[in-house]
Amino acid sequence: MNNFHYHNPTRLLFGKGEIASITPLIPKSAKVMMIYGGGSIFKNGVHDQVKKALEGFEVIEFGGIEPNPKYETCMSVVKKIKAEKATFLLAVGGGSVLDATKFIALAAKYKGEDPWDFITQKSPAPDEALPLASIMTLPATGSEMNASFVISRESTQEKFGGYSELIRPLFSVIDPMTTMSLPPTQTANGIVDVFVHTMEQYATCPNNGPLQDRQAEAILSTLIEEGPKAMATPNDYDVRANLCWCSTQTLNGYISCGMPQDWASHEIGHELTALYGIDHARTLSIILPGVWRTFLNEKKEKLAQYGSRVLGLKGNVDEVALEAIEKTEEFFESLGLPTRFKAYDINASDAARLVSERFTARNKPGFGEKGLITPEIVRQIIESRA
Ligand code: NZQ
Ligand code: ZN
């Protein structure tokens, strides 16, 4: 097992009606900027619940953060925050709203000219950020308990992740009731995103972390059991609660303690969202099996362990690893997420060329758990998913 530091100060408020518990957690003197998306929170009653909990506070609102939040939109929120002198940010919505809020919290304190520069690492990130918290309405990203965000820039068709310890939410509310209004496509996207987050931290190479392995396997088994139930009986509270808890547990830094990580499917997937607008999870359902098939030899021990412990497959390591990939593709497809580009009428060779050229132009070093993924390998992986 590798050395690690672990510190996660986000307070979680989990369960029915917990939005009402936020009142004492926000400083009394705060001027709260409530940030949300395209309007789902008005339809499912979340906006009303938040407004009630914020009675007595000075509150301003910004609605209109889009899925795959845009840098351009975030910058207009920064302007408003500065004009209104808001002191506390409350994200209410899915991962996009929270990621936007995290970026805004840093950008509002940035002293340089263009905050995009700290995302592309041309300049250092700010050393302070506005305090923030979240009401999370979509189990997928784990953003509610981590220090990451992903922002897209429309003008350049780029999508990049960022990280700062300064933007961990002070608290996050996860009320599974709020997720019952999700359309089936978003429920399915969430299940697959959480599944792939687990795999990016698990399906690497053995590293003597039996506890972390079994924690990851517990999440994978739960998703395979509860995912189809959420699609069939979307109003089942416990099923929704289990998905929410898997989502948070998977990406709060816990299961990766001391373990190698991959994240290649995410890195390639972000380029596909930026270029073609494919939903985040739907890029992953195409690319993850491609990364696995390309690196079958390097990953076969963990894939076979997953195949035998989680899927109950029998056979030798090579057979079980391969069958585990096939069963995973079937799982994604059963939730309605395609695993091939042909479902989107996208020419895989064109996509392969465009993405690998982008990585070459950025001089991107080899990535994946062993740093073996070069632009040429990226081209092969994408092309193999036609
Ligand atoms: O905008 P509104 O009207 O709120 O509608 C949203 C949006 O259209 C809707 N929605 C959210 N909660 C709902 C709901 N509709 C009905 N009922 C509810 N309870 O769902 C749509 C998608 O929302 P979005 O926030 O975009 O989805 P998600 O949570 O999957 O976030 C995706 C973004 O997160 C990034 C992705 O790259 C993408 O930009 N990620 C962030 C990560 C992180 N911060 O650690 C890790 C992930 O790997 C991921 O990259
Ligand atoms: Zn993801």
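Of the 386 residues in the protein chain, 56% count as buried, where buried means under 20% relative accessible area, exposed means over 50%, and partly exposed is in between (1.4 Å probe, protein chains only). This is a predicted model, in which local features need pLDDT of at least 70 and side-chain atom pairs count only at pLDDT 80 or more, while totals for chains, interfaces and linings use all residues. Residues are numbered from 1 along each chain as its sequence is written, chains are lettered from A and ligands numbered from 1 in the order in which they are written, and side-chain values use heavy atoms, with hydrogens and water left out.

**Overall build**

- The protein chain has 14 helices and eight strands; helices (H or I, at least four residues) and strands (E, at least two) are DSSP runs, numbered from the N terminus.
- The C-alpha trace of the chain spans about 65 × 45 × 45 Å along its principal axes.
- A compact globule with 386 residues would have a radius of gyration near 21 Å, and the 20 Å of the protein chain agrees with that. The radius is taken over C-alpha atoms, and the globule rule is 2.2 Å times the number of residues to the power 0.38.

**Around ligand 1**

- How many residues surround ligand 1? There are 33 of them, and the closest are G38, S40, S96, K159 and H197; a residue is near a molecule if one of its heavy atoms lies within 4 Å of it.
- Sorted by class, the shell holds 21 polar, nine nonpolar and three charged residues. In this scheme Ala, Val, Leu, Ile, Met, Phe, Trp, Tyr, Cys and Pro count as nonpolar, Asp, Glu, Lys and Arg as charged, and the others, Gly among them, as polar.

**Polar contacts of the ligand**

- A polar contact is a pair of N or O atoms within 3.5 Å; within protein, one must be able to donate a hydrogen and the other to accept it, and residues adjacent in sequence count only if both atoms are side-chain atoms.
- The side chain of S96 has an N or O atom 2.5 Å from an oxygen atom of ligand 1.
- G95 takes part through its backbone, with an N or O atom 2.7 Å from an oxygen atom of the ligand.
- For S143, an N or O atom of the side chain is 3.3 Å from a nitrogen atom of ligand 1.
- Taken alone, ligand 1 exposes 960 Å², and the protein buries 88% of that. Such areas come from the Shrake-Rupley method with a 1.4 Å probe; for residues, only the protein chains shown count as cover.

**Two buried serines**

- You can find S143 in the loop between β5 (132-136) and β6. With a relative accessible area of 1%, S143 is buried.
- S143 and S247 are 104 residues apart along the chain, and their C-alpha atoms are separated by 9.1 Å.
- S285 sits in helix α10 (residues 280-294) and counts as buried at 0% relative accessibility.
- Which backbone oxygen does the side chain of S285 reach at 3.3 Å? That oxygen belongs to R282.

**Positive phi angles in loops**

- N68, in the loop between β3 (58-63) and α3 (71-84), has a phi near 55°, a positive value in a residue other than glycine. N68 counts as partly exposed, at 23% relative accessibility.
- Q121 is not a glycine either, yet its phi is positive, at about 60°. Q121 belongs to the loop between α5 (116-119) and β5 and is exposed at 69% relative accessibility.

- W116 is part of helix α5. Is W116 buried or exposed? At 4% relative accessibility, W116 counts as buried.
- P24 lies in the loop between β1 (11-14) and β2 (31-36), and with a relative accessible area of 65% P24 is exposed.
- E323 has its place in helix α12 (residues 317-334) and is partly exposed, with a relative accessible area of 28%.
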